[in-house]
Amino acid sequence: NQAYLAIAEQVGTALEQLSEELFQQFLNVVQQKLTLALQEILEQPIALKADSDFKRGTATVDFYIERDGKREDILRGQGGSVANILSVGLRLFALTTLDEKEHRRFLVLDEQDCWLKPELVPRFVKMIRDAGQALGFQILMISHHDVEMFRKYADKIYELRHDATGTVVAAEVSLAAPHPGSA
């Protein structure tokens, strides 16, 4: 016991240092993957950056965007599109840390594409589909955008409409390409 007590502080310090190094490695992966997603979807030379700090065994992270070497607040500018893209990516990363025996790999995205220009939505949907497949997630995405933007990347599409009585009905949309001239 005395031998252990003699090295306990050194072991604790070494474990804390290892924990910080592993967290920084994970944070670097998050920055790289989400920077790639931002650049592919928005076609802009921006990068996700993070400042991390460790105090008393707890990590804190401050995310921001870097454009042309200048720091930019995620919540300012871009009309919310950067925040929406990062929100999906960070949720997927966070959900991968949960025990699969206790939590289904299922994510519901409610209008995550609302701040994106319509022409950017298919790229965003592709990123979500690719990430979901790579991480083993089933993803339900709710959107007000035209179903055509989803057809190429969806496994199933349902359209909600009001019938003649005002009742909301769900109808599965065919994934086959629409015929030329059809509405």
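A: Here is a quick tour of pockets and a surface patch. Keep in mind that this is a predicted model.

Q: Pockets, then. What volume does the largest pocket have?
A: The largest pocket has a volume of about 960 Å³.

Q: Which residues lie nearest its centre?
A: Those are Ile139, Leu140, Met141, Lys156 and Ile157, out of 26 residues that line the largest pocket.

Q: Which elements supply at least two residues of that lining?
A: Three elements do: helix α3 (121-135), plus the strands β5 (138-142) and β6 (157-162).

Q: And how do the lining residues divide?
A: The lining of the largest pocket has 15 nonpolar residues, six polar and five charged.

Q: What about the second largest pocket, how much space is there?
A: The second largest pocket holds about 350 Å³. Its lining has 16 residues, and nearest the centre are Lys33, Ala37, Met127, Asp130 and Ala131. Two or more lining residues come from each of α1, α2 (81-95) and α3.

Q: Which one gives the most?
A: α3, with seven residues.

Q: How does that lining divide?
A: Into ten nonpolar residues, one polar and five charged.

Q: Switching topic. Which residues form the nonpolar patch on the surface?
A: Tyr4, Leu5, Ile7, Val11, Leu15, Leu18 and Leu22. Together they have about 680 Å² of accessible area.

Q: Where does Tyr4 lie?
A: In helix α1, which covers residues 2-42.

Q: Is Tyr4 buried or exposed, and why?
A: Tyr4 counts as exposed because its relative accessible area is 54%, and the cut-off for exposed is over 50%.

Key: Residues are numbered from 1 along each chain as its sequence is written. This is a predicted model: local features need pLDDT of at least 70, side-chain atom pairs count only at pLDDT 80 or more; totals for chains, interfaces and linings use all residues. Side-chain values use heavy atoms; hydrogens and water are left out. Patches are made of residues with over 30% relative accessible area and no salt bridge: like charges are joined within 9 Å, nonpolar side chains (Val, Leu, Ile, Met, Phe, Trp, Tyr) within 5 Å. Accessible areas come from the Shrake-Rupley method with a 1.4 Å probe; for residues, only the protein chains shown count as cover. A salt bridge is a side-chain nitrogen of Lys or Arg within 4 Å of a carboxyl oxygen of Asp or Glu. Helices (H or I, at least four residues) and strands (E, at least two) are DSSP runs, numbered from the N terminus. Buried means under 20% relative accessible area, exposed over 50%, partly exposed in between (1.4 Å probe, protein chains only). On a 1 Å grid over the protein atoms alone, a cavity is a set of points where a 1.4 Å probe fits but cannot get out, and a pocket is an open set with protein on both sides within 12 Å along at least five of seven lines; lining residues have an atom within 4 Å of a point. Grid points are joined across faces, edges and corners, and a volume is the space filled by probe spheres set on the points. Ala, Val, Leu, Ile, Met, Phe, Trp, Tyr, Cys and Pro count as nonpolar, Asp, Glu, Lys and Arg as charged, and the others, Gly among them, as polar.
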